[in-house]
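Welcome, and thanks for taking a look at this one with me. Here are a few notes to read alongside the picture.

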Amino acid sequence: MYTKVSRAATLSIYSMVMNLGSVLTNLMFGKCADISVSYAFILGSVFSITGLVLFRQWNKRNSYDGK
């Protein structure tokens, strides 16, 4: 399994990836908001719906009761 050192390194890498994703998303929101605030809201809706769909798929695969 994981040792304490490799677990810490893995968590650090996950954190860096999530922070990079946050930076890119914020840049996209900023660019859309410069064009029009409506575009920023549409982008937020697209991200939210995409996240919901991905979460539901992940939840189906990892569900223990078979639903």
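1. A definition to start with: a residue is called buried under 20% relative accessible area, exposed over 50%, and partly exposed in between. Please keep in mind that this is a predicted model.

2. Now the overall picture. The protein is built with two helices and zero strands. Of its 67 residues, 4% count as buried. The accessible surface comes to about 6200 Å², and carbon and sulfur atoms account for 68% of that.

3. Next, helix H2, which covers residues 37-61. Its 25 residues reach 37 Å from the first C-alpha to the last, close to the 36 Å expected at 1.5 Å a residue. Which residues of H2 are buried? They are Ala-40, Leu-43 and Gly-44.

4. On to the aromatic rings. The structure holds two aromatic pairs. One of them joins Phe-29 and Phe-47 edge-to-face, with 5.7 Å centre to centre and 85° between the planes. This pair links distant parts of the chain, as Phe-29 sits in helix H1 and Phe-47 in helix H2, 18 residues apart. Phe-29 counts as partly exposed because its relative accessibility is 25%. Phe-47, at 32%, is partly exposed too.

5. Finally, a look at the surface. Leu-11, Ile-13, Tyr-14, Met-16, Val-17 and Met-18 form a nonpolar patch there, with about 680 Å² of accessible area together. Met-18 belongs to helix H1, residues 4-35. Is Met-18 buried or exposed? Its relative accessibility is 57%, so Met-18 counts as exposed.

Key
Residues are numbered from 1 along each chain as its sequence is written. This is a predicted model: local features need pLDDT of at least 70, side-chain atom pairs count only at pLDDT 80 or more; totals for chains, interfaces and linings use all residues. Side-chain values use heavy atoms; hydrogens and water are left out. Helices (H or I, at least four residues) and strands (E, at least two) are DSSP runs, numbered from the N terminus. Buried means under 20% relative accessible area, exposed over 50%, partly exposed in between (1.4 Å probe, protein chains only). Accessible areas come from the Shrake-Rupley method with a 1.4 Å probe; for residues, only the protein chains shown count as cover. Patches are made of residues with over 30% relative accessible area and no salt bridge: like charges are joined within 9 Å, nonpolar side chains (Val, Leu, Ile, Met, Phe, Trp, Tyr) within 5 Å. A salt bridge is a side-chain nitrogen of Lys or Arg within 4 Å of a carboxyl oxygen of Asp or Glu. The expected span of a helix is 1.5 Å times one less than its number of residues. Rings of Phe, Tyr and Trp (its six-membered ring) pair if their centres lie within 6.5 Å; planes under 30 degrees apart count as stacked, over 60 as edge-to-face and the rest as tilted.
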